[in-house]
Amino acid sequence: MTMEAGTARSAPSRAATPHTKFLSGALCLDFANTLSGRMDEAPVERIETHADLIAWAETGRVLAEGRAEILRAGGAGRRAEGSTILARAFALRAAIHCAFAAMARGRPPVQGAIDRLNPFVLEAARHRRLEPAGGGAAWRWHGPAETLDQVLWPIALSAADLLTASSPIRIKECPGPHCGWLFLDRSKNGSRRWCEMAVCGNRAKARRFKRRQNREQQEVGNG
Ligand SMILES: [Zn+2]
């Protein structure tokens, strides 16, 4: 198979399932964000099956045209393998979250997170080749079209690219309740606070308004 081996997608910010969005600015962080409210008693999981994983990748245009169908059929026909890929996807996601949540909190990623990322990155790199393109060359993915774990390759390389970025990056963690999504703050003054202003930002605003109203009502009651 041959397809473009990039991690940049042309149409971000589309929901795969309700509340699953591609708005973090990096594929690996979007993937980490498929689990919301990690600190909650009941975190919200967006990827429960191998088919969910493929649907997420399809929506994020992680896979080449027509590839999702092949993988969906492969996952349905090879259930055990599909479950293994899903388990590997969760391991990759946990390592990504561990590394970048630390950075969002002002700490370097721990060695363990990097160690857990490395096998995924090596595997992805093994399937990438340079091919002539335009006036130069471009990375292309190589491997059988039905290889189920190809969905993990761009995610792993996105994490590697972000960790080795030559210019400084600002990773943030959304403080919204039941959120905790990670994202890249690319604003000039580092002012991006929420994963999405229209969701977490507005919720926070509504909560502040409610608290003020309650306080005012109490004051009227006491007065
Ligand atoms: Zn949020």
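Visitor: How many helices and strands does the chain have?
Guide: Quick note before we count: this is a predicted model, where local features need pLDDT of at least 70, side-chain atom pairs count only at pLDDT 80 or more, and totals for chains, interfaces and linings use all residues. Residues are numbered from 1 along each chain as its sequence is written. Helices (H or I, at least four residues) and strands (E, at least two) are DSSP runs, numbered from the N terminus. Counted that way, the chain has 7 helices and 7 strands.

Visitor: Which strand is joined to β4 by 6 bridges?
Guide: Two strands pair if DSSP finds at least two bridges between them. Here, Glu 131 has Ala 138 as its bridge partner, and Ala 133 stands opposite Gly 136. The two strands run antiparallel, and the partner of β4 is β5 (residues 136-141).

Visitor: Which residue takes a positive phi in the hairpin of β4 and β5?
Guide: Look between the strands, where the hairpin has 2 residues. The phi there is near 55°, and the residue is Gly 134.

Visitor: Why does Met 103 count as partly exposed?
Guide: Find Met 103 in helix α4 (residues 79-104). Partly exposed sits between the exposed and buried cut-offs. Met 103 falls there because its number of C-beta neighbours inside 10 Å is 18.

Visitor: Which residues does Met 103 touch, not counting those up to four places away in sequence?
Guide: Residues are in contact if their C-beta atoms, placed from the backbone, lie within 7 Å. Leaving out residues up to four places away, Met 103 touches Pro 109 and Ile 171.

How values were computed
A residue is buried if 20 or more other C-beta atoms lie within 10 Å of its own, exposed if 12 or fewer, and partly exposed in between; C-beta atoms are placed from the backbone. Two residues are in contact if their C-beta atoms, placed from the backbone, lie within 7 Å.
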